[in-house]
Amino acid sequence: MEDNKRIEGVSTPLTHREGQGEGLLKRFLKQTTFTSVEDYNKHLEFIIPENFNFAYDVMDVWAEEKPDGLALLWTNDQGEEIRTTFRQLKEQSDQAASYLQTLGIGKNDPVMLILKRRYEWWVIMLALHKIGAIVIPATHMLTKHDIVYRNTRASVKAIICVDDAYVVSQIQAAKAESPTVKQYIMVKSSPSPSEGGDVEIHNSAASCNQTPPPSEGLGEAFHDYLSEVVNAPKFVKPAFVNDNNDTMLMYFTSGTSGEPKMVAHDFLYAMGHLTTGVFWHNLHEGSLHLTVADTGWGKAVWGKFYGQWFAGATVFVFDHEKFNADTLLRQIEKYKVTSFCAPPTIYRFMIREDLSKYDLSSLEYCTTAGEALNPAVFDKFYEKTGIKMMEGFGQTETTMTLGTFPWMTPKPGSMGIPNAQYHIDLLRADGTPCEDGEKGEIVIRVGDRKPIGLFKEYYRDPELTKEAWHDGIYHTGDMAWRDEDGYYWFEGRIDDVIKSSGYRIGPFEVESALMTHPAVVECAITGVPDDIRGMVVKATVVLGKEWKDKAGDDLVKELQQHVKKETAPYKYPRIVEFVDELPKTISGKIRRVEIRQRDNKAE
């Protein structure tokens, strides 16, 4: 384990170095290097091009400036590997853009991608940007109902999917109720890479000058992407691709009630992630960065796409079907990953491994987001690796709004400070600003011009947009408090706050207390209706394997007493349930709403 330890104290800042991507960043920032919170807050200023397009203005520029630089290192759990340079990525995305044009896909056409972590997702994302289409990434876990809803609400014109039997069956079942979908395209199992990083794609009989015929295979009337894309004609950039206000990307994001919302982002959203990759992830051209994320949710473009390539870093992808901490650690060791980002859930499982078995000496920097970080996880990871995790916070509707930057000392469990590209505040229920130490809702104050990175609207839902964004303020729906140093501390969603006997209890503070007990791997705190107290606190707990046979009344009492010692006694869980796993979204976030719904049905 000693081999993995770092020097005690604050990590040496690895902020953007002079000469490493400096020329490209100077196109978009007035100042590209920062040394303190004050410097960053005072001098962060974007240079906004008239018609910004990430594919052309960042990726194609890298293809010219460092054509042989490694842009993407993709591998999977079958041992396959593809190394792609910036030049190759440009060539492949140009080819894909031309192919999609032959299928009638162009500017403003909504295209849904259900591609898991397949290599082609990165190529097709860039291709769709190049023709001005609207990308709708989606998870492979969608049902027929989910797909019909998305197709109808967004008027999806094309679906590009993996050759997964479940995914294909759900798309086929939805077809009769999806009249707007004109093209179905399948990406079959990834081919073996050829020497030099190019992807081998077998030729088909399709003519370069005609719309390729559909491929019959797993799905009826599905085009075979890999066999057809090679016959696309030479790509010609459209005369007009986009302006900054055009919609580039849309995500369907679930709330606590109702159908998913459609979050629409403009083309400047990509630029908003410059701060994510260059400053929060602290990346540079020598970085090999791994973010654990499925391509169907927003964290993928946070950690596997925009910000990382602004920095000129190499994006590392591990395509796997099922998460395993040992396998992931072996990938970090084998490929010498330098920068790592994952939700706290992943770190919770990693620290339960014997980290002395792995050579993690390549790691320079680690970050976390997706849900609040329990201080106990921070402390244990630091103890085992010598690396202090830097937390960040944001939503599908935003880029990173709060973060711990390289020039800051992290406070375990704190989200950090406001990102200077946003005007963040905390408000009471009556709309007045909170004092330090007072809990309130995190909001973004929007001035005369929308901040770079903030969403455009909830697509086709002006009422919902106005509900969240009115009077010059975007309401996140997330609760936090601010300490005297300006650091923010997460409390939970407004809907998650438990009101018991007159007290307002945030679930995260109780979860953090429980996580310091050695028996607890994961936990979720929810409120259960109570005739006397209004609500009581319930803990749903996943135990470590060595504690599972001790589950019972004695351990319940032990955990309750532990919480009383760790935090204010009134917060302790009066109900404790032991489970094998917690319900989670595809992004790894705990679904407390599902626990509440299950409890309500049981009554």
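Asp60, Lys90, Asp94 and Lys130 are linked in a network of salt bridges, a salt bridge being a side-chain nitrogen of Lys or Arg within 4 Å of a carboxyl oxygen of Asp or Glu. By this rule the count comes to 39 salt bridges. The structure is a predicted model, in which local features need pLDDT of at least 70 and side-chain atom pairs count only at pLDDT 80 or more, while totals for chains, interfaces and linings use all residues. Residues are numbered from 1 along each chain as its sequence is written, and side-chain values use heavy atoms, with hydrogens and water left out.

**Confidence**
- The protein chain has a mean pLDDT of 89, where pLDDT is the predictor's confidence in each residue, from 0 to 100; 90% of the residues reach 70 or more.
- Over residues 1-19 the pLDDT stays under 50, and the model has 52 contacts for them beyond four places in sequence, a contact meaning heavy atoms within 4.5 Å.
- Residues 191-213 also have pLDDT below 50, with 50 contacts in the model beyond near neighbours in sequence.
- Where pLDDT is low, the predicted coordinates should not be read in detail.

**Salt bridges in detail**
- Lys571 and Glu509 meet through their side chains in a salt bridge at 2.7 Å, N to O.
- This pair links distant parts of the chain, 62 residues apart: Lys571 lies in the loop between α18 and β27, and Glu509 in helix α17. Helices (H or I, at least four residues) and strands (E, at least two) are DSSP runs, numbered from the N terminus.
- Lys571 is buried, with a relative accessible area of 9%, and Glu509 is buried at 17%. Buried means under 20% relative accessible area, exposed over 50%, and partly exposed in between (1.4 Å probe, protein chains only).
- Asp109 forms a salt bridge with Lys157, with the closest N and O atoms 3.2 Å apart.
- Asp109 counts as buried at 16% relative accessibility, whereas Lys157 counts as partly exposed at 24%.

**Helix α18**
- Helix α18 (residues 553-566) has 14 residues.
- Leu555, Val556, Leu559, Gln560, His562 and Val563 are buried in α18.
- Seen down the axis of α18, the buried residues fall within an arc of 160 degrees, so they line one face of the helix; the arc is that of the directions from the helix axis to the C-beta atoms.
- The face turned away from the buried side of α18 carries the exposed residues Asp553, Asp554, Lys557 and Lys565.
- The buried residues of α18 pack against α17 (507-515), β25 (520-530), β26 (534-543) and β27 (575-579).

Notes. Expected span 1.5 Å × (residues − 1).
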